[in-house]
Amino acid sequence: MEAAALLEWKASLDNRSQSLLSSWVVRSNHCDWIGVGCKMAGRVITHINLKSYGLRGTLSNLNFSSLPHLLSLDLENNSLYGTIPSRIGCLSRLTNLSLSANRLSGSIPPLMGQLSNLKTLELHQNQIGGSIPHEIRFLISLVELSLYSNNLTGTIPTSISNLVNLTTLKLGGNHLSGCIPQEIGMLRSLVHLRLPRNNLAGSIPASIGNLVNLTTLYLWANHLSGSIPGEIGMLRSLIALDLSTNSLMGSIPASIGNLVKLNTLHLFDNHLSGYIPQEVGMLRSLIVLDLSTNSLTGTIPSSIGNLDNLTSLYLHHNRLFGSIIDEVGMLRSLINLSLAMNNLSGSIPASIGNLVNLTTLYLWANHLSGSIPGEIGMLRSLIILDLSINSLTGTIPSSIGNLYNLTSLYLHHNHLSGSIIDEVGMLRSLINLSLATNNLSGSIPASIGNLVNLTILYLDTNYLSESIPEEVGKLRSLIDLELQRNNLTGSIPACIGNLVNLTTLYLFENYLSGSIPGEIGILRSLIHLGLSTNNLTGSIPASIGNMVNLNTLHLCDNRLSGYIPQEVGMLRSLIVLDLSRNSLTGSIPTSIGNLDHLMSLFLDTNYLSESIPEEVGKLRCLVDLELQMNNLTGSIPVSIGHLVNLTILDLSENHLSGSIPGEIGMLRFIFPSTKSANNVKRMTKMFVAIFPKLAMENEYRIQLKTQEYPSHGVKVLAYNINNIKPSFNEDSSKEDQPTTTANSPLAENKAKKKLFQEDDNPTTTFEETQYEKGAKSSELAPIDVLVTTVDLTKEPPLTTANTVLSILAMDYPVDKIACYVSDDGTAMLTFEALAENV
């Protein structure tokens, strides 16, 4: 009967599994079968151990009722799937059951509660869901219960307190919720209690102090709150305590000093406050102490120097103040020390040089001052040294060259002075070097070329001078090179083309001269290139088109000349292109239309000529288009209306002509350029920045209904040479427009405008074109103008608003001209644009 049950189960498994059980054949001695153990007296099966055999199938065809003598069933680490059959409750003599590390799903069958002789139940690392059945209370012989890494939900049943023989309880890595029951304190035989990575809430029950045999307590990664109970100090057998990543509050209880066998204490990532108790110094067996990411205050207790077995001390991201105590230097076993992100002050103690086993030292983001002690060079095992974001002064000690194993050196954001020492070149294992944002001066040492493993080099924001050394070209592993905001001179070395892995090259805000080397085009991995604000001359090399991964290209504020190369259109990943404030000539290349990811295009303040290419309309992602202060001619292309994401459009101070295309009204999100009329209200700025001549050629004030706004900052814009005409409908009814005669004020006004346009003398004042003089009131007749719009597709809202502003910008007494708008098309943009200044 037993053999037949096993053969039936074998037949239900996949072919590979059946071949693995090749010894299981009819009419053979089943006690000789692989994985089967028998009680020899009666040849009955008592043990099945097929752990890690690679079996694939289900348990649904295993007839458990045919195995009445079974004592142990171990199917751990196979590929069994499906549910655990309820019939498993028939195995009344079973003492050990392990189905762990499979793909079992469904829930734990309540009939498992019939296995009253069970001592070990291992169902961990499956996909079992549902709640822990209350029937588990009947497993009174249970010593080990392991259900971790499943999908269990619900609460921990209080009936678990019946399992008085339990030594190991592992429920971690599930979705259990609710509180840890007080009844857990009745499990006085418990040695290992592991409930991490659940959704447990509430406080840690004080009854946990009853578990005097406990060696391991893991409650990390839950939602526990409240304070750490003082009763935890009664767990004198505890070796590992992890309460991290919860919401625990209050202070660390002084009773924690009773846990003299403790070697691991993790309280990090909570909301603990108050001081670190001096009693922590009584934990002389401690190897790892992690109190990081809390709100602890006060000073580092001097008693911490007693922890001579400590290998890792993490106190970072707290509110600790005072100095780094000299006693830290007594922790000679220390491998990892992190005191970063606190309020520590004073100098780095020289005693830190005693920590000869230290591999990581994090002191960043404090208020440390004074110089870096020379003794730091004694830390020859150091791999990472981070002293950044402090107030350290003095020079970089030459002893730092002794740190042969160093891979990362971060000294940025301090007040270090002097030169970059040649000894830096001895750090041949260095991968990351950041000395940025200091007061370093002198030249970049040639010895830096020895750092052939370097991937990141940040020397920016210092006072470094002289030229970029040719040796930089030896750093072939470099990914990020940032030398911006220094006083570097000379040319960009051609050897920079060797840095084929470079993704970021920032040399902006220096005094670099000469041309951009053609070799820069070899940097095909480059994503960000910033050479702006230098004295670079010559043309933009055509090889720049090879950098097909480039996202940002900043060449502004130089003295570049020549044409914009057509090859710029090959940079199809480009998001920002800034060539502004140079001496570029020629036309805007039509290939620019290929840059379909471009969001910002700055070509302003050059000598670009000819017309704006229609291809600009292909840049559908464009948000900011600034072409002002060039020599562009021709009309505004209608394709500009396709730029539906545009918020800033500045075409001012060019030689553009023709009418404003109606398609401009499709730019519904247009906002003013920040470069052109900073002190005018938003709507006024909007139109002035785009078409300043149209909006206000030489008027002193703009009026909308009864309010007046001084047009500060607009005067200069009135002298641009654009000759854009407002798009009035030539066939509009004459009744809708004020009539003019040869001697009428409007005719006189037009003559004055013509004279004003021909006079580019910036000394002309607005008062010279006003009709009101001093206290004398105007005798001119009031004028009312009606603007009507019906179809918002044929009469775009922007055109309507432009028309209104053009009328109100006429050189006529502001209190004698009024404009009325009838908008039968009810376009919200028209309403909002006009209402903005009412």
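The second largest cavity is lined by I108, P109, P110, M112, G113, L121, P133, E135, I136 and L139. A cavity here is a set of points, on a 1 Å grid over the protein atoms alone, where a 1.4 Å probe fits but cannot get out, and lining residues have an atom within 4 Å of a point. Rolling a probe the size of a water molecule over the atoms shows where empty space is left. The volume of this second largest cavity is about 40 Å³, a volume being the space filled by probe spheres set on the points, with grid points joined across faces, edges and corners. The structure holds 2 cavities of 30 Å³ or more. Sorted by class, the lining of the second largest cavity has 8 nonpolar, 1 polar and 1 charged residues. In this scheme Ala, Val, Leu, Ile, Met, Phe, Trp, Tyr, Cys and Pro count as nonpolar, Asp, Glu, Lys and Arg as charged, and the others, Gly among them, as polar.

The model is predicted: local features need pLDDT of at least 70, side-chain atom pairs count only at pLDDT 80 or more, and totals for chains, interfaces and linings use all residues. Residues are numbered from 1 along each chain as its sequence is written, and side-chain values use heavy atoms, with hydrogens and water left out.

Now the chain as a whole. There are 7 helices and 48 strands in the chain; helices (H or I, at least four residues) and strands (E, at least two) are DSSP runs, numbered from the N terminus. Of its 838 residues, 52% count as buried, where buried means under 20% relative accessible area, exposed over 50%, and partly exposed in between (1.4 Å probe, protein chains only). Contact means heavy atoms within 4.5 Å. Among contacts between residues at least 6 apart in sequence, 52% join residues at least 24 apart.

Aromatic rings come next. The structure holds 3 aromatic pairs. W9 and W24 form one that is tilted, with 6.5 Å centre to centre and 45° between the planes. Rings of Phe, Tyr and Trp (its six-membered ring) pair if their centres lie within 6.5 Å; planes under 30 degrees apart count as stacked, over 60 as edge-to-face and the rest as tilted. This pair links distant parts of the chain, 15 residues apart: W9 is in helix α1 (residues 2–12), and W24 is in the loop between α2 (15–20) and β1 (36–39). W24 also pairs with W33, and that pair is stacked, at 5.4 Å centre to centre and 20° between the planes. W9, W24 and W33 form one aromatic cluster.

Strands β19, β21 and β23 form an open sheet in the order β19-β21-β23, and the pairing is parallel. The edge strands are β19 (321–323) and β23 (367–368), each of which pairs on one side only. Two strands pair if DSSP finds at least two bridges between them. Strand β21 (residues 343–346) is joined to β23 by 2 bridges, and the bridge partner of G346 in β23 is L368.

Another open sheet of 3 strands has the order β27-β29-β31, also with parallel pairing. Its edge strands are β27 (441–442) and β31 (487–488). β27 pairs with β29 (residues 463–466) over 2 bridges, and G442 has L464 as its bridge partner in β29.

Two loop residues can be followed in the same way. T455 lies in the loop between β27 and β28 (456–458). Its relative accessible area is 17%, so T455 is buried. Leaving aside neighbours within four places in sequence, T455 is in contact with I431, N432, S477, L478, I479 and D480. G586 is in the loop between β39 (583–585) and β40 (600–602). With 10% relative accessibility, G586 counts as buried. Residues up to four places away not counted, G586 touches Y563, Y607, L608 and S609. G586 and N606 are 20 residues apart in sequence and 9.8 Å apart in space, C-alpha to C-alpha.

The last stop is strand β47 (residues 783–789). Its covered face holds I783, V785, V787 and T789, and its uncovered face holds D784, L786 and T788. β47 runs parallel to strand β48 (residues 817–823), and 7 bridges join them. T788, on the uncovered face, has S822 as its bridge partner in β48.

Key
1 Å grid on protein atoms, 1.4 Å probe; cavity = no way out; pocket = protein on both sides within 12 Å on 5 of 7 lines; lining within 4 Å.
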